[in-house]
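Please have the sequence and the 3D view at hand.

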Amino acid sequence: MTKTSSFTAPKGIPDYVPPASAEFAAVRAGLIHAAHVAGYGLMELPVFEDTALFARGVGESTDVVTKEMYTFPDRGDRSVTLRPEGTAGVMRAVIEHGLDRGQLPVKVYYAGPFFRYERPQAGRYRQLQQVGVEAIGVDDPALDAEVISIADQGFRGLGLTGFRLELTSLGDETCRPQYRELLQEYLFKLPLDEQTKRRAEINPLRVLDDKRPEVRELTADAPLMIDHLSESAKTHFEQVLGHLDALGIPYVVNPRMVRGLDYYTKTTFEFVHDGLGAQSGIGGGGRYDGLMAELGGQPLSGIGFGLGVDRTMLALRAEGKSAGSEARCEVFGVPLGDAAKQRMVLLGAQLRRAGIRVDLAYGGRGVKGAMKAADRSGARYTLVLGDRDLAENTIGLKDMATGDQRQIPLDDAVRLVAAELA
Ligand code: HAM
């Protein structure tokens with residue numbers, strides 16, 4: 001009798017199960033690898049933190065904080081929030097562990113789930129997976145370029161090509177307040193609807209990101225931050241572009257780019273893929289030079305990114321590519337009989353100790369079923385051990401691509417199989 005479960009995964013949250021999960025693992029590993037080779041060290045942080053950390057860090061006026069956080073009182077009646085992003089938690093940990101008093105820049109990476117109560121749609125999930133890096137404590141345009149190039153290399157290393165890097169500068173504390181006033185002055189004169197007017201008061205930059213054609217048209221001539229940068233912010237941005245040119249990383253300057261988090265200053269960027277529909281951002285980041293001080297730490301600068309693992313997978317698929325197509329195992333063991341099984345279990349363990357990926361036929365199904373399982377496993381070789389082979393101290397080695405099978409000495413099987421796979 002089969003029983004159907006009435007339990008399903010929470011709405012808007014993807015499960016990754018074999019065999020597709022191999023692709024997920026490969027994408028995440030590929031993105032992590034790019035950070036690892038640049039000398040970034042792992043930060044493994046809690047998935048929930050004090051609610052105030054995110055409210056203060058991400059910004060009280062952002063959609064993330066006002067509408068999307070999973071916030072609840074714990075059993076001790078403290079307000080906690082499932083992390084909607086990684087940067088605020090990293091700052092908290094850097095301050096708490098005094099890393100900001102050691103060697104600078106502090107360079108860290110992280111990977112894991114983040115939670116946003118957004119309306120689910122293709123490529124937009126309520127539990128999303130990111131690989132992120134943060135480089136804290138040195139305000140150097142070359143570091144901006146390094147962070148951007150890590151993301152670029154992470155995507156390219158997976159074979160992804162159809163994306164573009166968009167970037168801009170959001171200015172610093174010496175030019176942004178004046179620009180904000182200038183933009184508000186401009187926006188307040190426009191015939192905007194009430195809600196948009198309110199947005200212009202709270203966060204005028206976000207009005208420039210409005211996707212409605214009528215608002216786009218109205219704001220077509222709005223003043224842009226990039227034309228009102230302070231000398232130092234302008235020089236910083238020009239130097240970042242110079243480094244990217246030297247690195248051969250293509251980019252498009254998009255002065256209307258608006259990010260969903262409030263902490264950004266100066267260099268801000270997004271990686272966009274056109275094969276994904278509305279949710280086209282496969283990664284994004286930027287500088288956040290005021291964030292650490294805002295969270296009670298020293299006034300250190302910082303820059304980082306978060307790359308979407310889920311969306312990178314979708315982008316690869318949109319390009320007809322896949323990562324992690326590697327078979328589940330290299331060798332599949334088929335024991336025929338009880339004594340053979342005991343010996344095969346031992347041989348499987350010995351092969352694994354030699355670093356070879358092995359799976360075995362369990363459960364005593366017949367030869368036919370076991371060989372079918374061997375086929376499905378994707379293994380390059382199958383080892384077949386019957387009781388007679390055991391008596392003769394040999395084992396059958398079958399090449400799954402050609403179908404050829406030969407007997408090899410059982411005692412020498414590990415060495416011979418390793419040599420075949422090399
Ligand atoms: P973010 O742009 O909010 O930045 O998110 C980074 C990436 O996470 C996005 O580009 C996207 O690929 C993925 N992502 C975001 N929301 C979703 C969702 N609902 N479903 C699927 N994927 C999603 C940050 O989170 C910053 N903390 C990045 C950063 C680090 N900036 C500086 N340091």
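The points below treat the ligand and its surroundings, and then a pair of helices.

The model is predicted: local features need pLDDT of at least 70, side-chain atom pairs count only at pLDDT 80 or more, and totals for chains, interfaces and linings use all residues. Residues are numbered from 1 along each chain as its sequence is written, and side-chain values use heavy atoms, with hydrogens and water left out.

**Ligand surroundings**

- The ligand is surrounded by 28 residues (each with a heavy atom within 4 Å of it), and the closest are Glu85, Glu118, Arg259, Tyr264 and Gly281.
- This shell comprises nine nonpolar, twelve polar and seven charged residues, with Gly counted as polar.
- Strand 10 contributes the most to the shell, with six residues; strands are DSSP runs of E with at least two residues, and helices are runs of H or I with at least four.

- A side-chain N or O atom of Thr87 is 3.1 Å from a ligand nitrogen atom, a polar contact being a pair of N or O atoms within 3.5 Å.
- The protein buries 96% of the 660 Å² that the ligand exposes when taken alone (Shrake-Rupley method, 1.4 Å probe).

**Helix packing**

- Helix 1 (residues 21–36) packs with helix 5 (residues 141–157) at about 145 degrees, their axes 8 Å apart; axes are lines fitted to C-alpha atoms over the stretch in contact, and angles run from 0 to 180 degrees between N-to-C directions.
- Contact (heavy atoms within 4.5 Å) involves Gly30, Leu31, Ala34 and Ala35 of helix 1 and Ile150, Gln153, Gly154 and Phe155 of helix 5.
- By class, this contact has five nonpolar, three polar and no charged residues.

Key
Polar contact = N/O pair within 3.5 Å; in protein donor to acceptor, adjacent residues only side chain to side chain.
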